[in-house]
Amino acid sequence: MEFKLTSEYSPTGDQPQAISQILQSFESGIDCCTLQGVTGSGKTFTMANVIAALNRPTLVLSHNKTLAAQLYGEFRNFFADNAVEYFVSYYDYYQPEAYLPATDTYIEKDLSINDEIEKMRLSTTATLLSGRRDVIVVSSVSCLYGIGNPADFHANTINLKVGQIVSHKQILYRLVDALYTRTEIELTPATFRVKGENIDIMSAFGEKCYRILFFDDEIEAIYAIDPLSGHRLEALSEVSIFPANLFVTTKERIAQAVSQIYIDMGKQVAYFEREGRPTEAKRIQQRVEYDLEMIKELGYCPGIENYSRYFDGRSAGTRPFCLLDYFPEDFLLIVDESHVTIPQVRAMFGGDKARKENLVEYGFRLPAARDNRPLRFEEFESLTGTTLYVSATPADYEIVRSEGAIVEQIIRPTALIDPPLEVRSSENQIDDLIEQISLRTVRDEKIIVTTLTKRSAEELATYFERMGIRCRYIHSDVDTLERVQILEDLRAGMFDVLIGVNLLREGLDLPEVSLVAIIDADMEGMLRNVRAITQIAGRAARHENGLVIMYAGKVTKTMRESIEQSNRRRYKQIRYNMENNLMPRQAHKSGSTQTLLAQQSQADIATITETPKPQTTEQIRAEIAAAQADMERAAKSLDFLAAARFRDRIQELEKLLLSK
């Protein structure tokens, strides 16, 4: 099936030219291309048109799950008739296993799995292995962490056809091997129910339920059914039942793995004894023997991922299987906000390795635990082919990889032009800034101010409050969820000025902001380089009165280059508007999945802080049940921020219940 792009809009501005240039680059044999699009130029729509034209399975890589959810919602709207999947970390909360030698502290792994996201991950792998070509997977960098061997996943897939000769009992055994659970009552995801010679099966990702009818050892009929009523919805000629877990394996491989783990445990015990470290020798022996007993009895153990190399059949030091192994060789990779995502991919391996080394060195894990890891950067590169980097400020890596195939997209569908960059003296800068703020607050416009340090942000906020200016500060010490709430409050008009250190967050969509003020713009460094200034300036690019003021004691090379680039873009945008008789119109925040969900849950989130504390244990339990239902609803709708707030509420109530 081919991709079918559905949209009420058609490419405008320089989108047609950008789409054409990208396609020509790929058709000429260039593997990598960079789309350099300014904020608000419709880069996602350009990406969608490239996907539709190339007609290849596509992986869209984002640097966090919130932006990934936003992209997922947009691509689902663009490709309603195609398979758009979502693959991010399925942990609502995750504390990795670690050991701190300095304080002799062992931290046990603690986690909370989001069942809805786990279903979506299973749906992703099942869709990729189904042979469909019209597949778009929107993912965070978690897709580069180890998952099961695709060959084993495929081997445990149960393919059934009408007329097929197969033993009724054999199907039941295969369902158990695929980690399905038998039930006699309600069907839930990854369960099956037996009634006479009929087998009802609900798929692992929960939306499809099938009834298999047998006549002796022949499949007589297959129906899609309603899981609650059991009514037949549709007759099918064949069906594929995919495993209930990404880490399934075969019985033969389990037996081989257990045997090899025993051998490696013996080697590690002998190593510690030779080194004169009896404590570590005893520790590793006890831990591994306990894990193996659980694996043999139950088929799993806590931390079983640390033995993944054995179950995958890999040799020591080889890379783990990941989601990229489930794609065909000619897939298209799109790296969104590549200047942030690529460094994140590059850093993943090092952080994981440092933690694992301590666990292995002090006898908490076998050396094989090192092979349960994210991909090294060079391994990631070896698995990718045709790649489109998308960023307003691409880094040197993308530019070099693209070998000159840099496509600019600077005309906005709204006809808005880049905000002008002004330089003003740092003398009396606060007085000048207060005057600029007063000019905009009377028009109900918002202001962003960036400083160089957290302390200066807090002190400036304190001074502004004394001057009667409604403001808030935001930096890395502010909790992630609180940061999101602060941004929502700014848009809702709760205050007028947002002060922070690093406000160039990619995807930060604040069309109410008309002024960005950069304090100490002449202090060159990571927060004041050309890329950072361009990203910061982009926060004012969605307002028709957008302006960027750089307060400085001198004009640096970086400032001069930023102004020259801005003027070049502004010249092209103004010229295009004049040639096409276009007037800029105010941008509005896109109605993406995350935005709509945030609006829907805003009232619910507010009740978390407004609700008085329950007094009796019955009231506490009722509150916990209500918060649990709210959390599950928010998580199912991909509103992770609301879900996390409800999770925190549950934890507070559970502590209160214990104190009672």
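Colleague: What makes the radius of gyration of the protein chain agree with that of a compact globule?

Modeller: In this predicted model, the protein chain has a radius of gyration of 28 Å, whereas a compact globule with 660 residues would have one near 26 Å, so the value agrees. Along the principal axes, the C-alpha atoms fill a box of roughly 85 × 60 × 55 Å.

Colleague: How many of the contacts in the protein chain join residues 24 or more positions apart?

Modeller: Among contacts with a separation of 6 or more, such residues account for 74%. The protein chain contains 20 helices and 25 strands.

Colleague: Why is Glu-398 said to have no salt bridge?

Modeller: A salt bridge requires a side-chain nitrogen of Lys or Arg within 4 Å of a carboxyl oxygen. For Glu-398, the nearest side chain of opposite charge, Arg-531, is 6.7 Å away, so no salt bridge is assigned.

Colleague: Where does Glu-398 lie, and which residues is Glu-398 in contact with beyond its neighbours within four places in sequence?

Modeller: Glu-398 belongs to helix α12, residues 396–402. Those neighbours aside, Glu-398 is in contact with Thr-34, Ser-338, His-339 and Tyr-389.

Technical notes
Residues numbered from 1 in each chain as written. Predicted model: local features only at pLDDT ≥ 70, side-chain atom pairs only at ≥ 80, totals over all residues. Heavy atoms only, no water. Helix = DSSP H or I, 4+ residues; strand = E, 2+ residues; numbered from the N terminus. Rg over C-alpha atoms; globule rule 2.2 N^0.38 Å. Contact = heavy atoms within 4.5 Å. Buried < 20%, exposed > 50% of the residue type's maximum accessible area, 1.4 Å probe, protein only. Lys, Arg positive; Asp, Glu negative; His and termini not counted.
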